[in-house]
Structure formats: structure tokens, C-alpha cells
Amino acid sequence: MSAVCGVLPRAGETVLVGPSAGPHFSTNYWFRVTGVRASSENGWVYLDGFDPLTDDDTERSLFVRIEGLVIRR
């Protein structure tokens, strides 16, 4: 397994989201991506998905900076 930084994730991938992905994230955590939506802000996107490490299967949307993501591939 490898990690890729600063690349747009694809549906089905798991990304590490943390302070480098946006000032509104205070800690690092894994996020399973189910969809990626464009943003009007250059370098930022909306990620749809859920936290694979919890029993909570509620889908969420995160506003993130692409450069700050670490993708597990």
C-alpha cells in the first residue's frame, strides 16, 4: 500500500484528512470517499463519504484543500 499527496481522490479511496486539508480540521482521521464535487474555490473540493473506522454509516460532505490530502492507494 502506498500514499499519494496533493492529488484528487477517486470514489472508493480512503484519504487522511487533517489540519493540512483545512483549518477547520483539528486532528487527522481517515475518510472513505464516495464522491468528489467541484468547488468554486481554486484548489478546494467537496468530498462525500464516511468514516470507515466507526459504526456510524452517516454520509458526510467535507470541504477540503486537495494539496493537504493524503490518499491511501
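Visitor: Which residue in S3 stands opposite Leu16?

Guide: Leu16 faces Trp30 across the strands. This is a predicted model, in which local features need pLDDT of at least 70 and side-chain atom pairs pLDDT 80 or more, while totals for chains, interfaces and linings use all residues. Residues are numbered from 1 along each chain as its sequence is written, and side-chain values use heavy atoms, without hydrogens and water.

Visitor: How many bridges join S2 to S3?

Guide: Strands are DSSP runs of E with at least two residues, numbered from the N terminus, and two of them pair if DSSP finds at least two bridges between them. Here, S2 and S3 (residues 29-38) run antiparallel and are joined by four bridges. Six bridges link S3 with S4 (residues 44-50), again antiparallel; Val33 has Gly49 in S4 as its bridge partner. The S3-S4 hairpin has five residues between its strands, and Gly43 there takes a positive phi near 90 degrees. S4 and S5 are also antiparallel, with six bridges, and Val45 stands opposite Val64 in S5.

Visitor: In what order do the strands lie?

Guide: The open sheet has the order S1-S6-S2-S3-S4-S5, with antiparallel pairing. S1 and S5 (60-65) are at the edges with a single partner strand each, so one side of each lacks a neighbour in the sheet.

Visitor: Where is Leu8 placed?

Guide: Leu8 lies in the loop between S1 (3-5) and S2 (14-17). Leu8 is partly exposed, because its relative accessible area is 42% (buried means under 20%, exposed over 50%, partly exposed in between; 1.4 Å probe, protein chains only).
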